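Welcome! Please take a look at the model below, and then we will walk through some of its parts together.

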Amino acid sequence: MTADRAKPAAAMPRPYSLDAARDMRALYGFGLFPLPEYRPARVGPWRLERHRGSLAHGYVTRAVVEPVRWVLYRDRVPWMSTGVMEQESHAWHVHRARGTVVVFGLGMGMYVNAVAAKPEVERVVVVDNAPEVLAVLRAATDFDAWKGREKITLVEADALDPAVPERLRTALAGTRPDVLYADIWPTYPDAGAPAQTAALAAALEPAEAGWWGQEISFALWAHRQGGGTLEDYAAAVGVPLAVSDGYRAFCRDAAAIHDIAALAGDRPSLGQRLKRLLGLGGRN
C-alpha cells in the first residue's frame, strides 16, 4: 500500500455525513461506507429504534453532530448503533475486505452490507448465534434486496463454539478466508477479544484478521509495554493484522480520543473523577 500522510483529527463539532468519508480518506487512505436503509422493527427481545441527531463523539473524531442514529436494543440494553463511533471503528475493516470474508457477529448488518457490495469481495460468510437478530434485521431492512446479497451465507452458531471452525471449513470447501473479522463483544476494548480472535484465526488461517476495537487494544498494550509497533502487537497476540501508514495514523488518532491511561487503570477516568468531586459512588 502507498503511504498516507497523517494529519490531526478534527476537533470542532460539525455536521456528520458521508461527506466526512472524504476527510477520513485524506487522513488515512480509507473512509466511511454507505449504511443500509433502516425502519423501526421488533422481534423477541431485540428492537431497532430511530433517535434524533445530537452531538456525539467518534472513534477518531472528537465531536460531531449526528443527523440521525439507529440503535439496536436487547430488552433495554443498547447493543449496537449507527453512531459515528461505530461507523469510524468499522471503516478500516470494511476497507480491507476482499475475496472470501468470514465475519463473526451480524449485529445491524452495517459491515456485512458494506463488504458484500464491494466488487472485490466474492463471498461473505456470517456467523451469529441469535436468529432473532437476523429476523429483526430482515424486518428493519430490505435485507434480501441488498447489493451483493447473493454473496452472503448465514451460519447460525456461537463464534466461540469449538465445533464452528470445522463447520466453516466445510462451508468454505477447505479454502482459506482472505479476511476474518470478529465483532461479537458488546463493548471495547474487550480483554478477551485478542485471544479469541487469535484462536479463530489459528483455526481458519485467514490471510489477515481483525476485531472490533483492536486499535484501543493495541494502544493499551503499547501503553503497558512502554511502546511498540503494530507489527510487534500482531506477533504478540498471534493475529495477522493488516497495516498501512494511514492505518498507523488512524490508530494514533483513536488512542488520542480515548483515555488510555484511565483504561489501563493508571488513573481515574473523567467520569470517576466527577463522581468523586460530587461525592458519588464511593472510591470509584
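Let's begin with Arg248, which counts as partly exposed at 35% relative accessibility. Here, buried means under 20% relative accessible area, exposed means over 50%, and partly exposed lies in between (1.4 Å probe, protein chains only). Asp245 is also partly exposed, at 34%. Salt bridges that share partners also join Arg96, Arg98 and Glu208 into one network.

Before going on, note that this is a predicted model, where local features need pLDDT of at least 70, side-chain atom pairs count only at pLDDT 80 or more, and totals for chains, interfaces and linings use all residues. Residues are numbered from 1 along each chain as its sequence is written, and side-chain values use heavy atoms, with hydrogens and water left out.

**Salt bridges**

A salt bridge is a side-chain nitrogen of Lys or Arg within 4 Å of a carboxyl oxygen of Asp or Glu. The whole structure holds 12 of them, including these three:

| Pair | Closest N and O atoms |
|---|---|
| Arg47 and Glu49 | 2.6 Å |
| Glu66 and Arg69 | 2.9 Å |

Arg248 and Asp245 both belong to helix H9 (residues 245-257), where they sit three residues apart, about one turn of the helix. Helices (H or I, at least four residues) and strands (E, at least two) are DSSP runs, numbered from the N terminus. In another pair, Arg47 is buried at 14% relative accessible area, while Glu49 is partly exposed at 28%. Likewise, Glu66 is buried at 4% and Arg69 is partly exposed at 26%.

**The sheet**

Four strands make an open sheet in the order S1-S2-S5-S6, with antiparallel pairing. Its edge strands, S1 (41-43) and S6 (77-81), each pair on one side only. Two strands pair if DSSP finds at least two bridges between them. Strand S5 (residues 68-74) is joined to S6 by four bridges, and Leu72 stands opposite Met80 in S6.

**Helix H2**

How many residues does helix H2 (residues 84-96) have? There are 13, and H2 reaches 19 Å from its first C-alpha to its last, close to the expected 18 Å; the expected span is 1.5 Å times one less than the number of residues. H2 is mostly covered, with 12 of its 13 residues buried, among them Val84, Trp92 and Arg96.
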